[in-house]
Each structure stands twice: as C-alpha cells, then as structure tokens.
Amino acid sequence: MSNLQLGKSKSLIGSLIVTLYNRFALSLCPKLVCVMRFYAGMWGSSLPAKVKITMWRIMNNYLPTYANLQARRLNVINCCPLCKREAENIEHIMRECVFVKELLETQRIPLTTQDADVPWKEWLALAFARLTPTWRHALMITYWTVWYARNKPWTSPGSARA
Ligand SMILES: [Zn+2]
C-alpha cells in the first residue's frame with residue numbers, strides 16, 4: 001500500500017470515527033452541548049472572519065432584519081421584500097423564505113426543515129451538528145451570501161442595513 005493510499009485510508013477512518021462520534025454524542029446531546037459544538041465548529045473553520053461573524057450574528061439573531069428593526073421602533077415595514085408573504089425575521093430569511101429554500105436545494109445542502117417549532121438558536125445548532133464539515137462550510141457561505149444579497153449594497157447605495 002502506497003503512502004498516498006495509506007493517507008486516504010487514515011483520512012476515511014478518521015472521518016468515519018468523527019461521524020460515529022457525532023451521531024453518538026447527538027443522541028445524548030442536550031441543546032447546550034449542541035450550541036457549544038456549533039460555536040467550536042463555526043469559529044474553528046478556515047472561512048474568512050466576515051463569514052464567521054455573520055454566522056454568529058445569524059445564530060444570535062443580531063442581524064438588522066426588518067422584524068428586528070421594527071422591534072427597535074424603527075419605522076419600517078417588516079414584510080419580506082423578496083416573497084412578500086411573511087415578516088422578514090431570521091427564521092424566515094434563513095429557513096422559510098421560498099428563495100432560501102430554493103437556494104439550499106440547488107446547492108443540495110442537506111439542511112433539515114424538521115423541528116422548525118424549536119427556538120431558532122437551538123434549531124440551527126442541531127441542523128449544523130448534523131452536517132459534515134464540508135456542508136457546514138457550504139451552509140455558512142450560503143448564509144453569508146443570502147444576507148449580503150438581501151442588502152444589495154451594489155444596487156442601492158446607502159440602503160445596506162449593516
Ligand atoms: Zn421571503
């Protein structure tokens with residue numbers, strides 16, 4: 001067996017062990033463990049800081065969505081500007097809007113829409129825990145892109161919400 005084949009075997013065994021460990025831990029995992037693992041996986045990723053910081057803001061619902069702006073007494077209409085069906089809150093932007101659903105499906109990110117009745121932070125931590133590191137990266141980049149696209153700073157200067 002060559003060194004290359006040996007390296008690939010070790011890599012496969014390593015990822016199998018990690019997968020089995022994650023499944024075992026998930027079966028026992030209280031939500032706090034999932035949230036801590038989310039942060040460890042998210043901050044430990046090799047993605048740019050701007051992606052990780054946006055993901056942290058998404059997790060904690062710190063993005064200036066129209067629902068959040070309205071809750072802070074700004075005079076805005078909180079309806080989603082894309083689908084115009086529901087309030088633009090974090091759950092809608094990242095999980096429920098027809099546009100994000102289509103985007104996630106197009107990219108084949110295996111993100112579950114189950115357990116949508118649990119609080120957002122818990123849902124995202126659980127969904128993140130079920131993904132492999134590669135899919136986590138894909139999700140983080142997709143979420144960053146979704147927020148960036150919603151702000152559309154290139155088409156309407158000065159209108160970006162931060
Ligand atoms: Zn929408």
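**Orientation**

The model is predicted, so local features are given only at pLDDT of at least 70 and side-chain atom pairs count only at pLDDT 80 or more, while totals for chains, interfaces and linings use all residues. Residues are numbered from 1 along each chain as its sequence is written.

Display the protein chain as a cartoon. Its secondary structure comprises eight helices and zero strands, in the order α-α-α-α-α-α-α-α from the N terminus. Helices (H or I, at least four residues) and strands (E, at least two) are DSSP runs, numbered from the N terminus.

Next, colour the chain by pLDDT, the predictor's confidence in each residue, from 0 to 100. The chain has a mean of 85, and 82% of its residues reach 70 or more. Among the elements, helix H1 (residues 3–28) has the lowest mean pLDDT, 70, and H3 the highest, 97. Where pLDDT is low, the predicted coordinates should not be read in detail.

Of the 162 residues in the protein chain, 20% are buried. A residue is buried if 20 or more other C-beta atoms lie within 10 Å of its own, exposed if 12 or fewer, and partly exposed in between, with C-beta atoms placed from the backbone. Contacts, for their part, are pairs of residues whose C-beta atoms, placed from the backbone, lie within 7 Å. Among contacts in the protein chain with a separation of 6 or more, 55% join residues 24 or more positions apart.

**The nonpolar core**

Select Phe38, Met55, Ile58, Met94, Leu124 and Tyr143. These residues have the most contacts inside the largest nonpolar core, which has 24 residues. A nonpolar core is a set of buried Ala, Val, Leu, Ile, Met, Phe, Trp, Tyr and Cys residues joined through C-beta atoms within 7 Å. At least two residues of this core come from each of helix H2 (31–43), helix H3 (49–59), helix H5 (90–96), helix H6 (98–106), helix H7 (120–129) and helix H8 (133–151). H7 supplies the largest share, five residues.

Stay with H7 and show the side chains of Trp123, Leu124, Ala125, Ala127 and Phe128, which are buried. The buried residues of H7 pack against H2, H3 and H8.

Then centre the view on Tyr143. Apart from neighbours within four places in sequence, Tyr143 is in contact with Thr54, Met55, Ile58 and Met94.

**The H3–H8 pair**

Hide everything except H3 and H8. Two packed helices are described by the angle between their axes and the distance between the axes. Here the axes come within 9 Å and cross at roughly 80 degrees, which makes H3 roughly perpendicular to H8. Axes are lines fitted to C-alpha atoms, for helices over the stretch in contact, and angles run from 0 to 180 degrees between N-to-C directions. Angles under 35 degrees count as roughly parallel, over 145 as roughly antiparallel, 65 to 115 as roughly perpendicular and the rest as oblique.

To see the contact itself, select Val51, Thr54, Met55 and Ile58 in H3, which meet Met140, Ile141, Tyr143, Trp144 and Trp147 in H8. The contact consists of eight nonpolar residues, one polar and no charged. In this scheme Ala, Val, Leu, Ile, Met, Phe, Trp, Tyr, Cys and Pro are nonpolar, Asp, Glu, Lys and Arg are charged, and the others, Gly among them, are polar.

Asn89 counts as buried because it has 20 C-beta neighbours inside 10 Å. Not counting residues up to four places away in sequence, Asn89 touches Thr65 and Ala67. A C-alpha distance of 7.0 Å separates Asn89 from Asn68, 21 residues apart along the chain.

Now select Arg73, which lies in the loop between H4 and H5. Arg73 is not a glycine, although its phi is positive at about 70 degrees. With 7 other C-beta atoms within 10 Å, Arg73 is exposed.

Lys84 also belongs to the loop between H4 and H5. Its phi is positive too, near 55 degrees, in a residue other than glycine. Lys84 is exposed, with 9 other C-beta atoms within 10 Å.

Select Val98 in helix H6. Val98 is exposed, as 11 other C-beta atoms lie within 10 Å. From Val98, draw a C-alpha distance to Leu82: the two are 16 residues apart along the chain and separated by 8.8 Å.

Finish at Thr134 in helix H8. Thr134 counts as exposed, with 9 C-beta neighbours inside 10 Å. Thr134 and Ile109 are 25 residues apart in sequence, with 9.8 Å between their C-alpha atoms.

Conventions:
Two residues are in contact if their C-beta atoms, placed from the backbone, lie within 7 Å.
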